[in-house]
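Welcome, and please open your viewer.

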Amino acid sequence: MSSPLPNSAARQAKLTVPVPSLHHHLLNLPNFLTLCRIVSIPFFVATLSRNRYREALYIFVAAAVTDSLDGTLARWTNSRTELGAFMDPFADKLLLISGLVILTVEDVIPGWVLGVIAVRDVVVVFGYLMLVFWIGERIPVRPTYAVKAGTVLQIGCIVAALLGLARDPGLRHEWNGLLLLTVIMTGISGLQYMYRGLVLLNSREPQMFE
């Protein structure tokens, strides 16, 4: 029977095992871009609340570009992380909700549009948490085409508002049509998530009943 390693040798062996550090996860390029997007949100809100729509549009477009880049770079460089998977949708939703709230307060976007989007998000998040609690495991969330279309339309509403199209009398019908289509797609995406959750719950026996 071989003798155990001395304490000093054991400690040295542990030191040689590569352990991914928080520093590494935070500073890879995709996560850095996501962090930049989160940092830009207070500046976006500040310029938007002062009715400096052009500067707010620049910040919003720059944030949208980083959103496209971080996912692409993560796939190309094979540097996807759990931290990035959490931060990316969080940054996107925070940016969108911030813009919609300020524009609603400024009476650029009607309150009922923000209400539908906010209720949909609350129901989806609450439903996901309850589903995880009942089933007892994490569930991967894959956006449907309706979800992606709803997000694109929400972005379109913010960009159109920042460009001043919402206050152009000649584009009133187009603006109202964009708002209505956004609300419809947002509602459809919420119903799709609810349907998926019910199907998943029906296909598995909840852990609390085992």
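Are α7 and α8 roughly parallel or roughly antiparallel to each other? Select residues 145–162 for helix α7 and residues 172–203 for helix α8. They pack at an angle of about 150°, with their axes 8 Å apart, and are therefore roughly antiparallel to each other. Here, angles under 35 degrees count as roughly parallel, over 145 as roughly antiparallel, 65 to 115 as roughly perpendicular and the rest as oblique. Axes are lines fitted to C-alpha atoms, for helices over the stretch in contact, and angles run from 0 to 180 degrees between N-to-C directions. Helices are DSSP runs (H or I, at least four residues), numbered from the N terminus.

A word on what you are viewing: this is a predicted model, in which local features need pLDDT of at least 70, side-chain atom pairs count only at pLDDT 80 or more, and totals for chains, interfaces and linings use all residues. Residues are numbered from 1 along each chain as its sequence is written, and side-chain values use heavy atoms, with hydrogens and water left out.

Stay with this pair and show side chains. Among the α7 residues that meet α8 are Leu 153, Cys 157 and Ala 160, and the α8 side includes Trp 175, Met 185 and Tyr 193. Contact means heavy atoms within 4.5 Å. The residues of this contact divide into 14 nonpolar, 7 polar and no charged (Ala, Val, Leu, Ile, Met, Phe, Trp, Tyr, Cys and Pro count as nonpolar, Asp, Glu, Lys and Arg as charged, and the others, Gly among them, as polar).

Next, select Phe 44, Leu 48, Phe 60, Leu 103, Ile 158, Leu 162 and Trp 175, which have the most contacts inside the largest nonpolar core, a set of 27 residues. Such a core is made of buried Ala, Val, Leu, Ile, Met, Phe, Trp, Tyr and Cys residues joined through side-chain atoms within 4.5 Å. Buried means under 20% relative accessible area, exposed over 50%, partly exposed in between (1.4 Å probe, protein chains only). Centre on Leu 103: beyond its neighbours within four places in sequence, its contacts include Leu 48, Tyr 53 and Ile 158.

Now visit two loops. Asn 51, between α3 and α4, has a phi near 60°, positive though the residue is not glycine; Asn 51 is partly exposed at 45% relative accessibility. Asp 107, between α5 and α6, also has a positive phi of about 60°, and at 63% relative accessibility Asp 107 counts as exposed.

Last stop: Trp 134 in helix α6. Trp 134 and Leu 201 are 67 residues apart in sequence and 8.4 Å apart in space, C-alpha to C-alpha.
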